[in-house]
Amino acid sequence: MSNNRLSIDQQLEKFPKSWPKFVAIFLSIVIIYILISITITFKGINPKGLMIALSAFKGLFTPSLSLITNLTQYGLLYMLFETLAIAFLGTVLGVVISIPLAFLASRNICPKWVNSIVLTIISIIRAFPAFMLGIMFVKSIGPGAFAGVLSMTVGSVGMLSKLLIEAIEDLNPGITEALDAAGCSTFEKIRYGIIPQLSSNIISIVLYRLDINVKNATILGIVQAGGIGAQLIFAIGARRWNDCGAMLLGIIIMTLLLEWFSTSVRRKLAGSKD
């Protein structure tokens, strides 16, 4: 009982010293709320927008069979395959570029001046959102799936490099120190000391980015960078709710299958670690 009494007294003694911090946090929250309320205003729900959302949701239960069974380039399967191909190829090219950049930017691999240069390049790449990259590549090389692939590649480089740098810097230094003591070169340390430790992390990070790229590839279709997004916007604009429902259903199924595949691979990797 005396110990509890002592701890309460100690907390009361500390309270006068900490109350300015609580007041500062409270005032900061109030100021942020005021700024948000000034810049963002809620004008109510548009009745037409609500009807469009309900019609699109209703289309999920009455999808267009003609669009599903159409095996041409205007069919659902082709559009989904193009979207997945853009995301997959963009992820693969992003990994190829990100791995050497991550090693150059890691403090436990390369000198500090090299780290600073490469980290600056990665930060600049990460500053561009995927939607802006899609517009830039469509305007520079023309509309199509190739513009989407380049957008996915550049967007993937920023995120993959950042995650790989953290994974490399968190590795057990004992292995590389042992290889260094044995007289191994930098390439040999990477090949025999770092890559075996990184393999499972690389696979997990790549699958996570692939899942993001599939969603981004769907959105990039809006700016004519390939994929199903453009046809989905056209279907909504033309009030073809059955076609819209078929496309949304296809996107949902593709996302769920990819999530199931990614989860299965991660579980196997976790089991192999144990």
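This is a predicted model: local features need pLDDT of at least 70, side-chain atom pairs count only at pLDDT 80 or more; totals for chains, interfaces and linings use all residues.
**Cores**

The largest nonpolar core has 30 residues, and within it I228 and M247 touch the most other members. Two or more residues each come from α4 (76–105), α6 (130–141), α7 (145–169), α9 (186–220), α10 (229–237) and α11 (241–273). Of these helices, α11 gives the largest share, 7 residues. Another core, of 22 residues, lies apart from this one; A102, F103, V157 and L198 are among its members. In soluble globular proteins, nonpolar side chains tend to be buried together.

**Contacts of two residues**

The table leaves out residues up to four places away in sequence from the residue named.

| Residue | Residues touched |
|---|---|
| M247 | L67, L76, M79, I228, Q231, L232 and A235 |
| T218 | T83, I228, G229 and I251 |

I228 is touched by M247 and also by T218. T218 sits in helix α9. Its relative accessible area is 12%, so T218 is buried, the cut-off for buried being under 20%.

**Packing of α4 and α7**

Two packed helices are described by the angle between their axes and the distance between the axes. For α4 and α7 the angle is about 40° and the axes are 6 Å apart. At that angle α4 is therefore oblique to α7. The crossing of α4 and α7 is right-handed. Sorted by class, the contact between α4 and α7 holds 19 nonpolar, 8 polar and 2 charged residues.

Technical notes. Residues are numbered from 1 along each chain as its sequence is written. Side-chain values use heavy atoms; hydrogens and water are left out. A nonpolar core is a set of buried Ala, Val, Leu, Ile, Met, Phe, Trp, Tyr and Cys residues joined through side-chain atoms within 4.5 Å. Buried means under 20% relative accessible area, exposed over 50%, partly exposed in between (1.4 Å probe, protein chains only). Helices (H or I, at least four residues) and strands (E, at least two) are DSSP runs, numbered from the N terminus. Contact means heavy atoms within 4.5 Å. Axes are lines fitted to C-alpha atoms, for helices over the stretch in contact, and angles run from 0 to 180 degrees between N-to-C directions. Angles under 35 degrees count as roughly parallel, over 145 as roughly antiparallel, 65 to 115 as roughly perpendicular and the rest as oblique. A crossing is left-handed if the near helix is turned anticlockwise from the far one by less than a right angle, and right-handed if clockwise. Ala, Val, Leu, Ile, Met, Phe, Trp, Tyr, Cys and Pro count as nonpolar, Asp, Glu, Lys and Arg as charged, and the others, Gly among them, as polar.
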